[in-house]
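Hi,

Here is the structure I promised to pass on.

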Amino acid sequence: MFLTSRFYIIVGMIAMVIAGGVLFTPLFTIGKVLLIFLALAVAIDVVMLYTHVQLTASRKCPEKLSMGDDNEVKVNVESQTAMTLHLLVVDELPKQLQWRNFGINGIIPAGGTTQLKYKLRPVTRGEYEFGRLLVFAATPMRLVRRRFACDGPFTAKVYPSFLFLRKFELMAATNNLVEIGVKKVRRIGHNTEFEQIRDYVQGDDYRTINWKASARRSHLMVNAYQDERAQQVFSVIDKGRLMQQAFEGMTFLDYAINATLVLSHVIINKQDKAGLVTFANTFGSFVPAERHSTQMQRILEQLYNQKTTFGESDYSMLCPMLNRLVPRRSFMMLYTNFTDFESLKRQLPYLRQINQRHRLLVVFFQDVELEQYTSTPSNTGEEYYQHVIAEKLVYERRLITHTLRQNGIFSLLVTPKQLSVEVINKYLEMKSRQLLV
């Protein structure tokens, strides 16, 4: 049995009446009468709660939660009571969410049902353990609440953002990808894969006319081309300490994993082969590049439990491992982070080695908060000094991009929020320009 806030408010008001009896004696008597009435009301409320009130509740939560997205959880409550009940639903949420004052208020009609909803936004991957589902019911007097323990413990797994993947699939099916920033890339020239010779139809490019075949058939024939297919595209994810930097509650590693999941889906739909490599100070996971229907599930299962380490990533180990595991020239999209120009200089020889054997695209992150700080005014000497340091770091990010370009390495400097969209655009652009291998 739990006393409600309404009970304490009434007790406080009665106490003020009784205290007023010091100045006006009849108020003391009135206060005692009110206190007796309150005690009787509480007794009646308790009897009604424990003899007439019966209800059940169940939690409907997906077994797989999407990291970084709003996941809806439903609570269905059914009453077998011949009166309207006021509810307070408390779900014992996983410790990772750190949501300590959670509670949903609702009303359920006599003998009826109601559905309450709330949303969870997990920002780390792994297993999330829910506790019991507790429902606190009160009669229309709302002086006392009775607790019902309805649903038991439940474990849900948090995976990379598959909700964004579903949204992407839906928008692709309705040809609305421009709304989320995916650009329509104009094809430059023809792709190198010849498909067939067919009859000319109005609207075909005159440059594709095959004059020898046209002479033999006595009417115009054109060469038909198709997109280059079966190219290997690997997402190479750095799990070193520099990827622990967070933006809006999620680490750079989490953003890279979400982007990898969506990009792999696009790669497979484009008839290319999607693969995965993770590394830190030791070699991590490896998924060979394939385009089977089960490839997305294999990549998702590997991305599910990836975590950053506290050591510096070993690129000297990565180079020979890639040479051994990926003998065929492939497109490598490396997700990493450089804090300054010195961190790039240490890894540049190894990036050049990878780029000699494969086509390398280095994707690293803009520090949005740092750039926002540089635009704020400086008022003190200390603030001027801090601004100089911040502007130097922002400049070095641009210098890194320039240095990679000088060494023949493609690069993409992007904000964490725009990562998924920008890597898709970059892949489509490089594919249209025949730069994947």
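Two strands count as paired if DSSP finds at least two bridges between them; strands (E, at least two residues) and helices (H or I, at least four) are DSSP runs numbered from the N terminus. In E18, phenylalanine 283 is the bridge partner of phenylalanine 279. Four bridges join E17 (residues 273–279) to E18, and the two run antiparallel.

Before going on: this is a predicted model, where local features need pLDDT of at least 70, side-chain atom pairs count only at pLDDT 80 or more, and totals for chains, interfaces and linings use all residues. Numbering starts from 1 along each chain as its sequence is written, and side-chain values use heavy atoms, with hydrogens and water left out.

That pair belongs to an open, six-stranded sheet with mixed pairing, in the order E18-E17-E14-E19-E20-E21. E18 (283–290) and E21 (410–414) are the edge strands, each pairing on one side only.

Helix H8 (residues 341–357) packs on the sheet, touching E19 (331–335) and E20 (359–365); contact means heavy atoms within 4.5 Å.

Now the cavity, meaning a set of points on a 1 Å grid over the protein atoms alone where a 1.4 Å probe fits but cannot get out; lining residues have an atom within 4 Å of a point. Of its 14 lining residues, Asp238, Leu242, Glu312, Tyr315 and Gln347 are the closest to the centre. H8 gives the most to that lining, with three residues.

Cheers

Note on methods. Axes fitted to C-alpha atoms, helices over the stretch in contact; angles between N-to-C directions. 1 Å grid on protein atoms, 1.4 Å probe; cavity = no way out; pocket = protein on both sides within 12 Å on 5 of 7 lines; lining within 4 Å.
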